[in-house]
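The sequence and model are shown first.

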Amino acid sequence: MKLDQNDLRAALNELRYPGTDLTLESAEIIDDLRVKNDEVLIRLHWPTPFQASHRSAREAVEGKLKEIGVKKTHFQEQVEIPAQARQGENSLLPGVRNIIAVASGKGGVGKSTVSANLALSLARAGAAVGLMDADVYGPSMGLMLGAAGRPVMADEKTLIPIDAQGIRLMSMAFLSGDDTPVIWRGPMVHGLIQQFLSNVAWGELDYLVIDLPPGTGDAQLTLTQLAPLSGSVIVTTPQEVSLIDARKGLRMFQQVNVPVLGVVENMSYFVDPASGNRTDIFGHGGGKRTAGELSIPFLGEVPIDPEVARGGDEGMPIVRKNPESPAAQAIAVIAEKVAGQLAELAIKGRGSAALHLDWDDN
Amino acid sequence: MSADTKHTIRKLEKAGEYELRIEWDDGVAMRYNTATLRRKCPCASCIHEWTGEQILDPLSVLETVKPVRIEPVGRYALRFHWNDRHDTGLYTFDLLRSLGEPESSPRKND
Ligand SMILES: Nc1ncnc2c1ncn2[C@@H]1O[C@H](COP(=O)(O)OP(=O)(O)OP(=O)(O)O)[C@@H](O)[C@H]1O
Ligand SMILES: [Mg+2]
Ligand SMILES: [Zn+2]
C-alpha cells in the first residue's frame, strides 16, 4: 500500500493532546510529517513540559499509524510552550509566556505552599519558571524555597530575580529590605506592585507563578488589573468559610476577565501513616462541589501531610523532598492540568486581534 | 450563582474618521461615534466619583474629537488617548458594550 500525507493526517485527525481538547493536528502540535515507503518521520511540538503526556501522545500516534500500515515511526520532539496572545504592544512582563495567579479568599489555606510546589513541578518538568511572591502583607517564598541572598540590580531600577532551586524568584520581602512585615497602605501598594511588575528582569519564562496576597482587597485587585494574567488558580480548604471566600476570589477574576483555571482543595483529608486510614478532618469535597456550582474546573485535592508543612519550614517543598508522597503527586497532577489549560487558552487565542489601534495609521 | 458571561472584544477597528467599530466575542458588532464616546468618558474628572454626576460639559466636546490611540488595559478595559489630550478614561468592556449602536445587519465575510 502506498501511503501519502493525507492518509496519515486523516489517521491522526482525531488524536488529542492528553488532558486537553486540543487535537494534535489543529493545534499544530504535529509540525511536520513525512512519508518514505512505509516509514514516517513526524516532528512534534509539545505544548506542555510533562513527559508523561508526551509519551502517551507519542504512543497514540504510533498506534494509529501502525493501523494504516506504517512499519516504523521516527519522532523528532521539541517542547514549545505556547505564549498567550497579548492584546497590547507595550504590555508588562514581555518575555513571559504564561502568567498564573494563585489566589485564595482567606489566609492560611496553603496558597503559598501550592504556589511554590506548582512552580517547582513545572520547573522539574523542564519549563523555565519564575515565582513572584506578591504577598505584600506576609511574603514567605524566600523561606519556603530556602533562598538566601538578595536580588542584584541590573541597572538603576531593574532587579534580577534570584535563583531558588531552579526557579527565578522575586519577593516583596526583597524590596522591603528586612523580614519584618511592612504595613503598606493603598496607594503605596499600588506603586509597589507597579514597580514589581515593570522592574524585574525575568528574561524568557514559560510560566510565571504569582503568589497573591490572601483576600480580595486593594492589592489583589490592583494586581489583577495591572498584570496581564493568563489565568488564576483558587486555593481553598474544605471548610465552608473558606469556600465562601473562594467565591469572592472567583468574582474578582471574572470582573477583570481573567480565566479561572480552577479550584484546588488543600488540606483536603488526612491519611494516617500507621493505619492507612483516611479521615476527612475538615469535611472533604467542598472544593469540588463549589467548583461544580460555579462551573469552573476542579483541579484536585491535596491531603494534609505534616511533611508538607515541614518541607515549607525547611525550605524544601514536598514535590522535591518527597515526590512520591500523595501530596506531591496531587500537586504534580494539578500542575499538569494547569499547563494543559494554559496551552488550550494560548492555542485557541492565536490570531486573536490586538486591541491596540493607532487611529491615523488606519 | 453561575459564572456570568462577560463579553470580550474580538476586533477593534476604525470604521470611519469619526467612527469606531467593535466586534464582540459573540459575533455582535457595534459602532461608536467618537465624539459621543468621548462625552461618555468615565474618568474621575469627567464623572463625579461619588454622585455619578457628569462633570464634563458635553457641549465642550467638539464633533471632531477622535482617538489618537487606543490600548488595552488588562483583559477588561480599553484606554483611549483622545486628540483633545484627554487620556484618563478607562472604558471597561461592560461600558463599551452598553454604549454601542448594534449594526443592523451582520457584515458579510469580514
Ligand atoms: N497540605 C498541607 N498539609 C499540611 N500542612 C500544610 C498543607 N498546606 C499548607 N500547610 C501548612 O499550613 C500553613 C499555611 O500554609 P501557607 O503559608 O502555604 O498558606 P497561605 O495561604 O499562603 O497563608 P497566608 O495567608 O499566611 O499567606 C503552613 O504552615 C503550611 O506549611
Ligand atoms: Mg502565603
Ligand atoms: Zn475623562
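## Salt bridges

A:R9 and A:E25 form a salt bridge, with 2.6 Å between the closest N and O atoms; the term denotes a side-chain nitrogen of Lys or Arg within 4 Å of a carboxyl oxygen of Asp or Glu. This pair links distant parts of the chain, 16 residues apart: A:R9 belongs to helix α1 (residues 5-12) of chain A, and A:E25 to the loop between α1 and β1 (30-36) of chain A. Helices (H or I, at least four residues) and strands (E, at least two) are DSSP runs numbered from the N terminus.

Over all chains, the whole structure holds 27 salt bridges. Side chains of opposite charge can pair when their charged atoms come close.

## Basis of the model

The model is predicted, with local features requiring pLDDT of at least 70 and side-chain atom pairs pLDDT 80 or more, while totals for chains, interfaces and linings use all residues. Residues are numbered from 1 along each chain as its sequence is written, chains are lettered from A and ligands numbered from 1 in the order in which they are written, and side-chain values use heavy atoms, without hydrogens and water.

Among the 18 residues around ligand 1 (a heavy atom within 4 Å), A:G108, A:K111, A:S112, A:T113 and A:N266 come nearest. In chain A, α3 (111-124), β12 (260-271), β14 (298-304) and α10 (306-314) each supply at least two residues of this shell.
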